Structure formats: structure tokens, C-alpha cells
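Please keep the sequence and the structure in view while reading.

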Amino acid sequence: MQKIKRYPLLILFTLFLFVTTVADMCVNNRVFSEMENKYLTQKPAFSWSQLFKNQYTPKYETYINDQFVGRDWWITVKSVSESAFGKIKNNGIVYGSDHYLFEEYLTTDEDRIERNIGFLNEFVQTYGDQVPVTVSVIPSSYAILGDYLPAGLHNVDQRAYCEQIRLQIEAEWLDLFPVMTQTAADAAAFNASREPNEEELLAYYRTDHHWTSYGAYRAYQAFAASRGKTPVELETLKPYLYYLPDFYGSYFSKCKLYSALPDTIAVYDLPVDSVTVGGEQKPTLHNTAQWGVRDKHAGLLWGNADVTVIKSRNNCTQEAGKTSRVLLFKDSFGNSFAPFLTYNYDEVYVVDLRSNLTPVSELMSQVEFDDVLILYNFLSFSSSADVARITY
């Protein structure tokens, strides 16, 4: 015992392992982490064959890591300690000025980009004669908000890659770089002179990878103008606007920066006649039940469903005896964008190819569209294998 007492740290560490092991066995597994906004790994089924093939142990390690007792608390402690030592990034997220968080994106999948360009061109070759097709790639926040980036961050040049896409794509191209750059500048000018009771304007969220509703609106303006249509004025939509405070987005979920400031989501609950999501009629434009949880953004347009159809009488240029329709292929950036289209089309069809169960060829043969817009964030377009489904 006298010899053991000479090693107090060893004793404390052994006690720590024993207590946490017992606690891990006693505490029920969690299915979902609100703090990290992700589903947690559940205990894998044991089999001798997987054990001998070294397939069971990695799964079990992932399970233990996800279900470690007090995981959220330990994540916060890690964030605080790393910030105290001056670390400016964690888990692929870098800390910018004015409380902005950004993705560290040092390389991209050039082969995937080339393949996805090919898939889009195949769609255009098949349907371009019957309906105008517009393609647009949304720049990420770091590609627009350069003044807020930490020094020495050498992320992928999205502008250069988008120029390559533009040169190869066989459809109309909508360049959103000047749009989002001007949006960020206008937002900064507004914030510098706004009244204390006015909500801040942002082009992109500080803690999330998405553009804001204001950013989405400005992109909608550009698309409507490119199609010779008059976009609805933002002032007109004020009666349908409300705010969701205390939003911590995907970037925060990855880095857990203890000093991060929450965002506010501006929601436009526009009047519509019907919203059909995956063939099921919904009572509202957005999933309001989602407003009470951390991932509030997932409530916009009921998330990333297969096919969503919005019908309304908002169309400012509605023609008697004619039903105008637009088809939007999108990732999650399109959820705040799509509702604005109701002011230029009678019916808005929204397809998320990640969830798509309805063949695109079937949809194109059954419904007559006036316009097609393919709208993807750069990170999605450069990594998603689901873009191939646009050719099915």
C-alpha cells in the first residue's frame, strides 16, 4: 500500500476508468444528440466471425465514443481548453472574426465534379428542347465572407471551380458569386446603421453552413430576373415573417465552440393553398414542430423530402386558363429558396435527389414545366453521388 500511494495520479486514473466504465454500463444509450445534431451509434451485435475479422472492434469503439457518459460535458470542456491555448479550429471548423464559423475545405473531389457535370448535361440533352433549364452553384460562406476568415486559411477556390462548371455546362448558367457578394455587402451596410430593435441581416448564418432567408431571397431575385420575371418585393412579404432565435447550426454542432453566438432564423410563412410532401398533404408550409428543437433549419419546407409540391395563388403574373410550373432540383439550401418561387409560378415542384424515390423521367413525362432550376451548394455538388439520379 505504501508503494501504491507513491503514484497518486495512477490511482486517480484507475478510479476514473472504473467509475466511467460502471457509469457507461448503467446509463441508457442515447439515440440522438441535440447538441451535436446527429444520431449516435448504437451497440453493435456481437459475433465471433466479426471479432476474428477485426470488424467488431472498430464498431464497438465508435459506439463507446458516441455513448461515453457525460459526452456533451466533455465536448464543452475540450472546446474551452483548446480556446484557452489559442486554437482556432476544431473538427474541420475554423473560427473567424465577428463570431463566424467556417468550413476548412482544403481539397475537393474533381472527379465527382466532372461526373456530376456529365449527369446534368445528360438531363439537358434529354429535356432541354421541351423546357428551359438553368443551373446554379451556390458559393459557401467562406468563398464570400473573406474579410471574416482567419489569416492563412487556404481553402479550395470555389470561384475558379464554378467557372469551370460554367464553361462545361450545356444549360443557362446563373452566377451567384456577384449576387451573394453584393448581398453580404448590403447586409453589412444595413447592420451598421440599423435601429436597436431591428433584426440583423446576414447573407449566411454564423454557426451554420446554409445561407439565410435573406441570402436565399436575393438569389431568388436573380433567378426571376434571369427568366424575365418580376420578383416579389421583400417588403410585401413582411406580414408573413417571424423569427426563430437561439439557432445553433451545423458548424457549431461540429466544433462546439463554447463562445459561439446563436443565430436567428427569419421564416417566411407564405400563404399557400396546399403543400404535398412525399405524396402526403401537410397542413402548413413548414414543419413548425421542428422549431422547438436545436435543428430548427430542418423544419423549413419539411426538410429534404422526395418530391414536394407547393400550390398557391401568389403568382403575380398568373394567366387565366394557364397553370405555370417550375421544377427545382436542390439540396437543403433550396428549402428557404423554394417558397419565394410561388410569386412567379402557380405550382412549385421541389425534388431532393438524395431522398428521391420517384424517377425523374416519370415526373418529366407526367407534368409540363415552364422552367427547371438545378440549384446546389458547391460542397454538395462536389461530393454528392445522388446527382446521378437526375438521369433516371
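The points below take up the chain as a whole, its nonpolar cores, its cavity and one histidine in the cavity lining.

The model is predicted, and its chain of 392 residues has 46% of them counted as buried. A search of the whole structure finds one cavity of 30 Å³ or more, and His286 is one of the residues that line the largest cavity.

**Chain as a whole**

- The secondary structure of the chain comes to 13 helices and 15 strands, and the C-alpha trace spans about 95 × 60 × 45 Å along its principal axes.

**Nonpolar cores**

- The largest nonpolar core contains 86 residues, and Phe123, Trp211, Phe329, Phe337 and Ile374 are those with the most contacts inside it.
- Helix α9, covering residues 213-226, gives the most to this core, with a contribution of seven residues.
- When neighbours within four places in sequence are left aside, Phe337 is in contact with Trp211, Ala216, Ala219, Tyr220 and Phe223, as well as with Leu328, Leu373 and Leu375.
- Another core, of eight residues, lies apart from the largest one, and Ile93, Leu101, Phe252 and Leu257 are among its members.

**The cavity**

- The largest cavity holds about 70 Å³ of space, and its lining is made up of Ser213, Ala266, Val267, Tyr268, Leu270, His286, Leu300, Ser336, Pro339 and Phe340.
- Strand β9, which runs over residues 263-268, provides the largest share of this lining, with three residues.
- Sorted by class, the lining has seven nonpolar residues and three polar ones, while no charged residue takes part.

- His286 belongs to the loop between β11 (280-282) and β12 (307-311).
- Because its relative accessibility is 3%, and buried means under 20%, His286 counts as buried.
- Not counting residues up to four places away in sequence, His286 touches Val267, Tyr268, Asp269, Trp291, Gly299, Leu300, Leu301, Trp302 and Pro339.
- Between His286 and Gln366, which are 80 residues apart along the chain, the C-alpha atoms are separated by 26 Å.

Terms used:
Residues are numbered from 1 along each chain as its sequence is written. This is a predicted model: local features need pLDDT of at least 70, side-chain atom pairs count only at pLDDT 80 or more; totals for chains, interfaces and linings use all residues. Side-chain values use heavy atoms; hydrogens and water are left out. On a 1 Å grid over the protein atoms alone, a cavity is a set of points where a 1.4 Å probe fits but cannot get out, and a pocket is an open set with protein on both sides within 12 Å along at least five of seven lines; lining residues have an atom within 4 Å of a point. Grid points are joined across faces, edges and corners, and a volume is the space filled by probe spheres set on the points. Helices (H or I, at least four residues) and strands (E, at least two) are DSSP runs, numbered from the N terminus. Ala, Val, Leu, Ile, Met, Phe, Trp, Tyr, Cys and Pro count as nonpolar, Asp, Glu, Lys and Arg as charged, and the others, Gly among them, as polar. Buried means under 20% relative accessible area, exposed over 50%, partly exposed in between (1.4 Å probe, protein chains only). Contact means heavy atoms within 4.5 Å. A nonpolar core is a set of buried Ala, Val, Leu, Ile, Met, Phe, Trp, Tyr and Cys residues joined through side-chain atoms within 4.5 Å.
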